[in-house]
Amino acid sequence: MSDSFEDIVDAIQPGVKPRPGNLPGPAARVVLVLCWLALGLLPILSAVGDIKLAAGVTGTPGTLTVVSCEDLGRGRYDCKGGFAPDGGGAAVPVDASPDSEAGDVTRAQLAPEGDRAVKAGTAGVAAALTLPFLGIASLAFLPYVIMYFLGARRGRRTAVAAGAAVTVLGVIGMIAGMVAAYS
């Protein structure tokens with residue numbers, strides 16, 4: 001590399017150049033691990049309600065008929081539908097999943113709030129599990145990082161192999177959930 005190019009690169013890179021083996025301090029390590037843990041657990045915890053709804057634990061079972069889908073631009077859609085409860089009664093206007101198409105008729109669960117309906121059954125649960133699988137994939141290498149921070153030498157290869165396997169499992173789960181959502 002030429003000296004002038006190194007001067008330009010040095011001018012762009014702010015701060016002290018880290019040396020190999022430099023780690024953040026103990027407090028920063030704890031903050032990093034806690035942030036990583038929160039980042040991985042948030043999608044899992046936020047999906048619990050949708051999983052319960054799709055599995056039929058909460059909500060009212062019935063049939064969702066998608067009436068219209070409005071294109072909001074940039075690949076986003078706003079879909080409206082009518083939900084007819086299994087017990088009979090008038091159809092309730094609800095928000096439908098943005099991956100729906102006008103005219104779709106599917107088994108669904110009405111949220112307790114009564115404002116939206118989600119696909120029920122196996123396909124609905126698989127679709128609701130997309131975010132938790134994202135969380136699982138993002139947490140896959142956290143044990144390795146903790147071991148590295150603690151200076152543990154034994155078991156790090158196993159942690160990397162397990163992290164890779166869990167990442168693959170998470171990606172497969174996300175793909176299966178997306179396929180279920182759009183089918």
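Let me begin with Lys-80, which counts as partly exposed because its relative accessibility is 36%, where partly exposed lies between buried, under 20% relative accessible area, and exposed, over 50%, with a 1.4 Å probe and protein chains only. What we have here is a predicted model, in which local features need pLDDT of at least 70 and side-chain atom pairs count only at pLDDT 80 or more, while totals for chains, interfaces and linings use all residues. Residues are numbered from 1 along each chain as its sequence is written, and side-chain values use heavy atoms, with hydrogens and water left out.

Lys-80 forms a salt bridge with Asp-95, with the closest N and O atoms 2.7 Å apart, a salt bridge being a side-chain nitrogen of Lys or Arg within 4 Å of a carboxyl oxygen of Asp or Glu. This pair links distant parts of the chain, since Asp-95 sits in strand 3 and Lys-80 in strand 2, 15 residues apart; strands (E, at least two residues) and helices (H or I, at least four) are DSSP runs numbered from the N terminus. Asp-78 also forms a salt bridge with Lys-80, at 3.9 Å between the closest N and O atoms, and shared partners join Asp-78, Lys-80 and Asp-95 into one network.

Elsewhere, the side chains of Asp-50 and Arg-116 meet in a salt bridge of 2.9 Å, N to O.

Turning to helix 2, Val-33, Gly-40 and Pro-43 are buried there, and the buried residues of helix 2 pack against helix 5 and helix 6.

Note on methods. Contact = heavy atoms within 4.5 Å.
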